[in-house]
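This explanation leads a new reader through a protein chain, one part at a time. The sequence and the structure are shown below.

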Amino acid sequence: MIKTDMRNQKKTHLGENVRHLREAFGLKQEALAARLGEGWSQKKISVLESRADIDDDDLKQLAEGLGVGVEHIKKYDHEKVKNFIQNYYGDYGQNNAQNGQNNHGDHNVNPQHIEKVDHLEQKQDPSVEKSNELISQIKSLYDDLLKSEREKITLLEKLLESYKKM
């Protein structure tokens, strides 16, 4: 039986995961609070993002506001995502730099990269299972991001229509 050293296992910091996901979706704390409605504020979001543990009710509401499942927040691993992007998309950033494009803070996903991800699933190496799990997580987050963006567009269209009626 293999014993794992608990000191080497990093405890999930739910608040940091919420922050990373919120930032990945391009949302400010104020915008997330507005999405969540009454009883939510920028300050409350800030406080929750500083906590390692978040109660289930708040976590569920945050997940809904972000357009992801609670499990996405619980299992989100920023280091894995960051390493994946650096390992597999580093050439994209270099190509943009050569073309004079600045991509800092841009969370748009190039559809060509989705094709790259699909090709990565076909690789035959010892870490295929881990890679496939990470790819699935990234695809799921991308789908959630698209859903969130569509919702933002719908809300903005409604707001624009209400201003036009004024």
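Asp58 lies in helix H4, which spans residues 56–66. The model considered here is a predicted one. With a relative accessibility of 11%, Asp58 counts as buried, because buried means under 20% relative accessible area. Apart from neighbours within four places in sequence, the residues in contact with Asp58 are Trp40, Lys44 and Leu48.

Helix H2 may be taken next. H2 comprises residues 29–36, and its buried residues are Gln29, Leu32, Ala33 and Leu36. These residues are on the same side of H2, because they cover an arc of only 100° around the axis. The partners against which the buried residues of H2 pack are H1, helix H3 (42–49) and H4. After H2 comes Gly37, with a positive phi near 90°.

Helix H1, one of these partners, is formed by residues 14–24. Its buried residues are Leu14, Gly15, Asn17, Val18, His20, Leu21 and Arg22. H1 is followed by Gly26, which has a positive phi, near 75°.

The last part of the account concerns the surface. There, a nonpolar patch is formed by Leu156, Leu159, Tyr163 and Met166. Together, these residues have about 500 Å² of accessible area. One of them, Leu159, is located in helix H8, which covers residues 128–165.

Notes: Residues are numbered from 1 along each chain as its sequence is written. This is a predicted model: local features need pLDDT of at least 70, side-chain atom pairs count only at pLDDT 80 or more; totals for chains, interfaces and linings use all residues. Side-chain values use heavy atoms; hydrogens and water are left out. Patches are made of residues with over 30% relative accessible area and no salt bridge: like charges are joined within 9 Å, nonpolar side chains (Val, Leu, Ile, Met, Phe, Trp, Tyr) within 5 Å. Accessible areas come from the Shrake-Rupley method with a 1.4 Å probe; for residues, only the protein chains shown count as cover. A salt bridge is a side-chain nitrogen of Lys or Arg within 4 Å of a carboxyl oxygen of Asp or Glu. Helices (H or I, at least four residues) and strands (E, at least two) are DSSP runs, numbered from the N terminus. Buried means under 20% relative accessible area, exposed over 50%, partly exposed in between (1.4 Å probe, protein chains only). Contact means heavy atoms within 4.5 Å. The arc is that of the directions from the helix axis to the C-beta atoms.
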